[in-house]
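Open the model in the viewer and keep the selection tool ready.

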Amino acid sequence: MLLVPPPFDPELDAALAAVGPSAPSGPSLADIAALRAVPEAAVPAHDLTDGGAFTTTDLTVPGPEGSPDVSLLVVRPVAPPRQGPRPVIYHSHGGGMVLGNNRAGVELVLEWARELDAVVVSVEYRLAPEHPYPAGVEDVYAGLLWTARHAGELGGDPERIVVAGASAGGGLTAALALLARDREGPRPLGQVLMYPMLDDRNDTVSAHQMAGVGAWDRTANETAWTAVLGDARGGPDVPPYAAPARASDLSGLPPAFLDVGSAETFRDEVVDYASRIWRAGGVAELHVWPGGFHGFDAFAPHTVLARTARAARIAWLRRLLAP
């Protein structure tokens, strides 16, 4: 049976067309080294101080036992706090768990920090394939432990830490919530999972629909999961801290915000994850953005759909953090 992909939102379709006849769907294993070698000057830099509204600090904190230290980027408002200790947004970056650093994607989270008077802590984790599972999620967990213990020193409230991430960072954030629950570690106030990468099996209807289409297709997804899990990818023994969709128990998790595009590989796994949180008696808000491809809000932030998605996340955070 031929699987026809859902149409892209017209504005987003035009944005994709503007970059050429075939927007890259993602790397192969052979491409990873070349992509990492792209000079920083070729990537537009974002002013993380937002014109002086924030200060930035790079910290090195203890990593997992027996492993290297972990780098954290801390971004704090310059102005005095509006009311008591600030909430803390603990951010894990995207990049398929094979690319990126703790500055990737932070500009999106800074929108929240401006609106909500929050401190941002962005973690840098070891990347696959050089560092397969569990290196990445253990680094993210180690960074959360340090952040929870030292939030007060950053002007933050240790009782109001929200974990967040997009794409691979969203998957790591979901895994982090599971790991913190099961290890009885710091309990985040909430989790924001933006089009998260959750399922190594890569076999949903949406994964097949979007093969060769859009910004992150089934082949790219397979490449990334293989880098992280090797021959175990798709097999019976993948743990939930590697691929959160594998979790059999989604009870006892922090309230979750999940969103995803209707025209992207991750659509069905995200919808299923939200549904299973509800079935476990948990709290989740799910948005499926019509015609959205993977990462559409970062790729084309000027579009109506992108602005709507960004506003929905801030609205949810504002309710979560309300006194």
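Start with Y90, W112, V192 and Y273, which have the most contacts inside the largest nonpolar core, a set of 100 residues. Such a core joins buried Ala, Val, Leu, Ile, Met, Phe, Trp, Tyr and Cys residues through side-chain atoms within 4.5 Å, buried being under 20% relative accessible area with a 1.4 Å probe, protein chains only. The model is predicted: local features need pLDDT of at least 70, side-chain atom pairs count only at pLDDT 80 or more, and totals for chains, interfaces and linings use all residues. Residues are numbered from 1 along each chain as its sequence is written, and side-chain values use heavy atoms, without hydrogens and water.

Stay on V192. Beyond its neighbours within four places in sequence, V192 is in contact (heavy atoms within 4.5 Å) with residues including W112, V162, F257 and W316.

Next, select M97, Y133, G136, V137 and V228, the closest to the centre of the largest cavity among its 15 lining residues. A cavity is a set of points on a 1 Å grid over the protein atoms alone where a 1.4 Å probe fits but cannot get out; a pocket is an open set with protein on both sides within 12 Å along at least five of seven lines, and lining residues have an atom within 4 Å of a point. The cavity holds about 100 Å³ of space.

Last, select Q83, L116, R160, L321 and P323, nearest the centre of the second largest pocket. This pocket has a volume of about 340 Å³, and α10 gives the most to its lining, with three residues.

Notes: Grid points are joined across faces, edges and corners, and a volume is the space filled by probe spheres set on the points. Buried means under 20% relative accessible area, exposed over 50%, partly exposed in between (1.4 Å probe, protein chains only). Helices (H or I, at least four residues) and strands (E, at least two) are DSSP runs, numbered from the N terminus.
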